[in-house]
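Dear colleague,

Please find below the structure that I am handing over to you. My notes on what was found in it follow.

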Amino acid sequence: MENNQAPSFMLVVAVVTIYVVFSAMAEADDQNSKVHIVYLGERPYDDVKLTTDSHHELLESVMGSKEKSLESMVYSYKHGFSGFAAKLTNSQAQKLARMPIVARVFPSPLYKMRTTRSWDFLGLSSSPSASSNLLHRAKMGDNVIIGVIDTGFWPESESFNDKGMGPIPSRWKGICQSGEDFNSSHCNKKVIGARWFASALVADHGEEAVFMDYLSARDNEGHGTHTASTAGGAFVRNVSFFGNGRGTLRGGAPLARLAIYKVLWSDSRLGSGADILKGIDEAIHDGVDVLSMSIGKSIPLFSDVNELNPVAVGSFHAIAKGISVVCSGGNEGSIQQTVENVAPWLFTVAASTIDRAFLASITTLGDNATYLGQTFLKKDIVGMLLAMDGRCAGLLGSNIHISGNVVLLCFTDLAKKAGASNVVMPGKQAKVVGIIYAGQHNDILGPCDTPCIHVDTHVGTKLFTYYLNDEKAFIRVRATRTITGKPISSRIAYFSSRGPNSISPGILKPDIAAPGANIIAAVPPNHEGGDKGFAVMSGTSMAAPHISGIVALIKSLRPTWSPAAIKSALITTARVEDLSGLPIFAEGSPPKVADSFDYGGGVVDANAAIDPGLIYDLEVTDYIYYYLCSMGYTEADISHLSQQKTVCPSKRTSILDLNLPTITVPTLTNSTTVTRTVTNVGNLTAVYKAVIKAPPGSKVRVKPRVLVFNSNVKKISFKVKFSSTLQRNYGYSFGSLTWTDGVHLVKSPLSVRFDFF
C-alpha cells in the first residue's frame, strides 16, 4: 500500500511546488510596477482642475491613500480627452480596468525615431518667378502652427530665426517651458512654444534613459531639429553639406509657426507612449493646426489589433478638433506588411528619393573605363583596388603583399562593422583611402570615417572583373559633383516600409510618398557627421515633415477644409510617374515598378492639390461606424473614444465603405461592392466621367459612371463593383478609378487580393 500511495504523495508535492513557484512569480510580477495609460475618453468636466482631481480620486481608490496616488501619478490627460498615466502593478491595472468609468488600461509602449533641393523638386520654388505655386499663394504658411513631436530643437539654429515675422497668433495658448540650458527667451516668433516630457520613460527605465540628454526642449540628438526645420524652418542662404547640394535651405512652410514637444530622448533613441500621449494632449490644448510625428513602434504590428495605442488614441482626438496628424510610415522596407501608424485618420507617409545625386566617377586606370557611384568625397583619391572576402572581414587571396594606398571593394556593408580601414595586409599595413560598397542602395548616404563610395551590383561586378584581370588594378575616384534635374529619376526608397496594412488590410497604407532620402536640414552644431549645423539624414522621418509643411500651406489657403479633405486632395492628385513621364520605380530586391503598397496614391504633387476638383471627405462619426464598429471594438470603448454614447449598427458595417480616396479589397472571391461619396470643391457646374483601369484579374463597374454637379448638388455617392475573373489565389493586383471633367484628374488607387480559400 505504501508503494501505491507514493505516487500520489509525489504528485501532491509537485502540485504544491508548482503552486508555490507560480504564486511567487505572480507576487513578484505584481510588485513590479510599470507605467500604464488609463484611458477614460470623454472629459467629465470643462474645468481642467476638476478633471485632474477626478483622476487622482480614481487612482486613490486602488492605491489606498492620497499620498500613494500622488506618488504613482505620472500624467493627467485633461485637454483633448480624459485619462492619466500612473505606475501600477498588474493587479492594480486590472482593478482599474474593471471599473465601468474606465475605457482601457494598457502598458505604456516604447516608440522610436524614424530616421534644399526637395522643395524645388516638389514644385514649391521660392523664386519670385514661381509666384503662382502653392508656396506663394498660401503666403508661405503664415500664421499656421505646426506642432512637432520629436527630440526637441536647437534654438540657436538659423533655421529657427524669426526675422520678418509678425506677432504670435492670439489663439496660441502654449508655453515655452524652461529646463536645462533652456529658458523662455529661446522661443521667439518662429518657435512660439516648447515643452518636454520624460516622466514616464524615467519611471519605467530610470534616469539613465535621459542621462546624456538635456532635460529640456533643447535637442541633443538632431532628429527633431532636422524634422522641424524641414516642416517649417526659416530661409537660410548658402547651405551645403561639405560643399555638396549647395543652395537656400528652408522648410515647406517657412512662415509657419513651430511648437516643439520633446518626447524622444537621445540616450535610448526611444520615447514612452505615455509621454507621447501627453505631448499630443498639450498640443491640442495649445492650438496647433498640424501635428508632425516621425515616430513608430517596432514590427511586427499584428499584436496591435484592437489595441488603443497612444498615437492612434491621441491623434483621433486631434483629428476631432480639426488638427491634421502626419506620421512616418516606418523604415522596415522593402518587406511587405511593415508599414506602421496605420489608423485611417492618420496621414501615413512613405519615403521617396528626389532628382538629385551626389555623383563621383570611378576610373579604372588600367583600361580607362569610367563608372559612377554616389558619395560625399571632398577630393580625388587614387589607390590599388583590392577585393574583400564575402563577409568583408579580410582580403581575397592569401599571398597579397602590398603597401601604399588601396581602395577596398566590398559587396556587403559588413566592412563598416569590421572596421575595414584597419585591415592589415600580409607583410605590411597598407593605407585604406576608400571603400567601395557594391550592391548598396544609395538612399542613405552620409559621412564615413574612411571615404565610402556606393555603387550598384552591376558596377561592382565590372570593378571586380578588372581586379581579377589586372595584377595592379589601380583606380581613381573623383571628388563629388552634385547633379540635379531630369537625368536623375525619383524612386521609392529601399528602406521605406511597405503595405499592405497588417492591422486592417481594407485600409490602404501608406497614404502618400514624399522626399525622405538624403535630405539636408538643420542639426545641432555638435551633431556627429554634421557640417556647420546641417546634416544629411534619410528615413520616413524626413518624408513626414515634407507632408506636414505642405498640409500647413493648404490649411492656410483652404482653412475650412477638414483633415480628411486635405488628405484626399493630396492623395488623388499625387504623381505615379516621374518628371520624365516614366513610371516611378520602387527600390527593392529586385527593383520594380511601384504600386499602391509602396507609395499609396503616389508621390506628392502639392500644386495640384490646391484644386483637386473632388474630395472624399470624412467626419468623426464615419471613423466610428465604418472603422471602429467594423473592427470589433466594443461600444464602451468607442463611446469613450468618441466622447459620445455610441451604438454600433446591428448589422456590422463594412470597413470597405469608409469614405477614403483609396479602395482596397483584401479578399475578393466572386464579387464585392463598395460605396463612396465625393464632394465638389471646384466649379459649381461640372460633369465628371469615370475612367477605370481594372486591377488585372478583375472587372470593375462604377454606377453611376457620370456625376453631374450644380449649385444644388454638391455631393454624389456612387458604387464600385469588383468581380473576379480568376478562379485561383493570385495575391494583390492594382488599378485605378479616375474621375475627370476634362480639367481635373481625381485618381483613386485600387488594390484587390484574390482569395478562394
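Which cysteine forms a disulfide with cysteine 176, and how many Å apart are their sulfur atoms? The partner is cysteine 187, and the two sulfur atoms lie 2.0 Å apart. Please bear in mind throughout that this is a predicted model.

**Disulfides**

The whole structure was searched, and 2 disulfides were found. In the link of cysteine 176 and cysteine 187, the angle about the S-S bond is 85°, and the link is right-handed. Both cysteines are in the loop between β6 (145-150) and β7 (191-196), 11 residues apart. Cysteine 176 counts as buried, at 18% relative accessibility, and cysteine 187 is buried as well, with a relative accessible area of 15%.

The other disulfide is formed by cysteine 629 and cysteine 648, with 2.0 Å between their sulfur atoms. Its torsion about the S-S bond is about -80°, so this disulfide is left-handed. Cysteine 629 belongs to the loop between α17 (620-628) and α18 (635-642), whereas cysteine 648 belongs to the loop between α18 and β31 (663-668); the pair therefore ties together parts that are 19 residues apart in sequence. Cysteine 629 has a relative accessible area of 6%, and is buried. Cysteine 648 counts as buried too, at 16% relative accessibility.

A further cysteine may interest you: cysteine 327 counts as buried because its relative accessibility is 0%.

**Strand β7**

The loop that carries cysteine 176 and cysteine 187 lies between β6 and β7. Strand β7 is mostly covered, with 5 of its 6 residues buried. It is joined to strand β10 (residues 257-262) by 5 bridges, and the two strands run parallel. Within this pairing, tryptophan 196 stands opposite lysine 262 of β10.

An open sheet is formed by 3 strands in the order β11-β5-β13, with antiparallel pairing. The edges are taken by β11 (270-272) and β13 (295-296); each has a single partner strand, so one side of each is left without a neighbour in the sheet. Strand β5 (residues 110-113) is joined to β11 by 3 bridges. In that pairing, leucine 270 of β11 is the bridge partner of lysine 112. Helix α9 packs on this sheet and touches β5, β11 and β13, its direction making about 75° with that of β11.

Helix α9 itself covers residues 273-286, which is 14 residues. From its first C-alpha to its last it reaches 20 Å, close to the 20 Å expected at 1.5 Å a residue. The helix is mostly covered, as 13 of its 14 residues are buried. Glycine 287 follows α9, and its phi is positive, near 105°.

**A sheet of four strands**

Another open sheet has 4 strands in the order β30-β32-β36-β34, and its pairing is antiparallel. Here β30 (614-615) and β34 (698-703) stand at the edges; because each has a single partner strand, one side of each is left without a neighbour in the sheet. Strand β30 is joined by 2 bridges to strand β32 (residues 671-680). Isoleucine 615 stands opposite threonine 679 of β32.

**Nonpolar cores**

The largest nonpolar core has 89 residues, of which Trp345, Phe722 and Trp739 touch the most other members. Which residues are in contact with tryptophan 345, leaving aside its neighbours within four places in sequence? They are Ala312, Ser315, Phe316, Ile319, Lys567, Tyr623, Tyr627 and Leu628. Another core, of 52 residues, lies apart from the largest one; Phe182, Ala217, Ala253 and Ile571 are among its members.

**Tyrosine 494**

Finally, is tyrosine 494 buried or partly exposed? Its relative accessible area is 26%, and tyrosine 494 is therefore partly exposed, since buried means under 20%. This residue lies in the loop between β24 (491-492) and β25 (512-515). Tyrosine 494 and isoleucine 444 are 50 residues apart in sequence, while their C-alpha atoms are 9.1 Å apart in space.

With kind regards

Terms used: Residues are numbered from 1 along each chain as its sequence is written. This is a predicted model: local features need pLDDT of at least 70, side-chain atom pairs count only at pLDDT 80 or more; totals for chains, interfaces and linings use all residues. Side-chain values use heavy atoms; hydrogens and water are left out. The expected span of a helix is 1.5 Å times one less than its number of residues. Buried means under 20% relative accessible area, exposed over 50%, partly exposed in between (1.4 Å probe, protein chains only). Two strands pair if DSSP finds at least two bridges between them. Contact means heavy atoms within 4.5 Å. Axes are lines fitted to C-alpha atoms, for helices over the stretch in contact, and angles run from 0 to 180 degrees between N-to-C directions. A disulfide is a pair of cysteine sulfur atoms within 2.5 Å. A nonpolar core is a set of buried Ala, Val, Leu, Ile, Met, Phe, Trp, Tyr and Cys residues joined through side-chain atoms within 4.5 Å.
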